[in-house]
Amino acid sequence: MSDPTHLSLAEARDALKSKRLSAVELTQAHIDAIEKSRALNCFITETPERALAQALESDLRIARGESRPLEGLPLGIKDLYCSKGVRTTAASRILDDFTPTYESTVSANLLRDGAATLGKLNLDEFAMGSSNETSAFGPVVSPWRRAGDPDAKIVPGGSSGGSSAAVAAHLCLGATATDTGGSIRQPAAFTGTVGVKPTYGRCSRWGIVAFASSLDQAGPITRTVRDAAIMLGSMAGHDPKDTTSVDAPVPDYEAAVGASVKGRRIGVPKEYRIDGMSAEIAALWDVGAAWLKDAGAEIVEISLPHTRYALPTYYIIAPAEASSNLARYDGVRYGRREQGRDVTDMYEKTRATGFGSEVRRRIMIGTYVLSAGYYDAYYVRAQKVRSLIKRDFDEAFASGVDAVLTPATPSTAFAQGEKGAADPVEMYLNDVFTVTVNMAGLPGVAVPGGLAANGLPLGLQLIGRPFDEETLFSLAAAIEQAVPKIERPRPWWRES
Amino acid sequence: MSVDSATVRRIAHLSRIAIEDSEVERLRGELNAILAFVETLSEVDVDGIEPLTSALPMQMKKRADVVTDGGIVDDILANAPLREDHYFVVPKVIE
């Protein structure tokens, strides 16, 4: 068989099942690709021996006719998921060489279903960032290049930038990711891949390094909609160890791929047509609506009046929760420790040197908005506005809308160093279209919509009713069918 | 609202993050940029609106109050920067 890294996850599954390919061959091909692609800096830790041992077991199981749903399929794991016996960093210096003695529930589900794990993928430190530039292990480079500008290093988005770049560069069949304000969907849009942020509670958060617990959700990044459906089917499910995980059966998501979307009502929210929206993004949005209409869906204009408050609300709630969650990094129980005069001095020095500047900034903002005298004015007010943002969606869905269509990001990917250097808020604006979904706890998917004039990918976002990921998979598959073929980047980064 | 340099120092201490004198001005600028950005929320009418504390309405799950885990002291201590027997070691706290 020619290079098996060109297969989709579903195609690889079928090739293994029909024994046209062995799991060891498939895994070795990905290990070779990873070794030749270190220029992209996708992985913090590579685990080739582990992956090959898993693949060997898969081949034995396939021979015995005991295949599991993801048998022998090599995946990448965002380094925010704890992996038993494998260094887990959250892309932060403060975790040092932390090696969990347990496995996160979601990655354990993937292992239970037979996946092979190639290693731990780079990300923004503690998942705080939109470009992967805040990683303590250096930025990830996107396999995509701007037309006529081969020297600019394009960012893969963030925080799941290692995941999106590794999937786009064919270093793994799919990758786990997490999304707190857009960290699955924005990197997927930037790299021409598919990213699914499930409904809050659909996947267990247990064993995933916490950022903002009321917003964080695990989800997959893959190259096709079907692949995302297959992966989510294994990742999702009830977990008694996460009280917010929902005790509801996991539907057959793959069956929703290719299902008719005839008669579905798709809301187009007028408030997303923000000031200064580029003509290219506006045109992408229109054509996305036209594709769904051609597939039999009905397009209706809707109003989500509190949209413009979502990002400011996020920048109170997420740092507040982060400042509380990250209080655990104190140099006592795990990770790095700096010596100090006394215990407080030890804490302060450990945290000053262990955390990067974006993380320190967010902890300080969070501490401020939770501090005495400011709690009501900032934090409680933000929680009230969050109620209003959620109510907007509740009312849209109550009026009979099945899903909402928006652009995924306000622009294509940019180059390293181009955004946020002078003003952190400039970087935060990347999440303007995605963050509402986390605020309301809804499922969202980013699906490729084509290429911009600069040669970089653009993504569309679909937002669904709570726990109706199936409708999103059907609609995203309809868009995937309609999009003209996207020319993928040639592997300029590969060492021969 | 905006913060002055004394407030920046107070927040840093509350956050248990040491800062150099030379950092205070830059941090003040960055924190004030974020506070200016979120200031827009003050124009929203939130009278009678309940704060949202759970993304989706869900009942808090309860389980029987029994021991379900334990006996893993070595696992818990495995990543400690400094330990002695079955204890985490910290700088002296009590004089």
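1. A word on terms to begin with: helices (H or I, at least four residues) and strands (E, at least two) are DSSP runs, numbered from the N terminus. The model is a predicted one, in which local features need pLDDT of at least 70, side-chain atom pairs count only at pLDDT 80 or more, and totals for chains, interfaces and linings use all residues; side-chain values use heavy atoms, with hydrogens and water left out. Residues are numbered from 1 along each chain as its sequence is written, while chains are lettered from A and ligands numbered from 1 in the order in which they are written.

2. Let us start with helix 5 of chain A, residues 161–168, where eight of eight residues are buried. Buried here means under 20% relative accessible area, exposed over 50% and partly exposed in between, using a 1.4 Å probe and protein chains only. The buried residues include A:G161, A:S164 and A:V167. As a group, they pack against strand 2 (74–78), strand 3 (116–121), strand 4 (174–179), helix 6 (185–191) and strand 6 (217–222) of chain A; contact means heavy atoms within 4.5 Å. Just after the helix, A:H170 takes a positive phi of about 60°.

3. Which residues touch the most other members of the largest nonpolar core? They are A:F126, A:L292, A:L405, A:L462, A:F473 and A:I479, in a core of 153 residues. Apart from it lies another core, of 22 residues, with A:A33, A:V141, A:A166 and A:A175 among them. Such a core is a set of buried Ala, Val, Leu, Ile, Met, Phe, Trp, Tyr and Cys residues joined through side-chain atoms within 4.5 Å. Leaving out residues up to four places away in sequence, A:L292 touches A:I266, A:A297, A:I299, A:L405, A:L462, A:L475, A:A478 and A:I479.

4. On a 1 Å grid over the protein atoms alone, a cavity is a set of points where a 1.4 Å probe fits but cannot get out, and a pocket is an open set with protein on both sides within 12 Å along at least five of seven lines; lining residues have an atom within 4 Å of a point. Three cavities of 30 Å³ or more turn up in the whole structure. The largest holds about 70 Å³, and strand 3 of chain A gives the largest share of its lining, three residues. Helix 4 (105–112) of chain A also supplies at least two.

5. The second largest cavity has a volume of about 50 Å³. Its lining includes A:M128, A:F211, A:Y314, A:Y315, A:R362 and A:D431.

6. The largest pocket has a volume of about 970 Å³. Of its 32 lining residues, A:C82, A:Y102, A:W206, A:G207 and A:R328 are the closest to its centre.

7. About 790 Å³ of space lies in the second largest pocket. Its lining has 30 residues, of which A:R223, A:T224, A:V225, A:E480 and A:R488 lie nearest the centre. Helix 1 (9–17), helix 7 (225–235), strand 10 (444–451) and helix 16 (469–482) of chain A each give two or more residues, and helix 16 supplies the largest share, five.

Terms used. Points joined across faces, edges and corners; volume = space filled by probe spheres on them.
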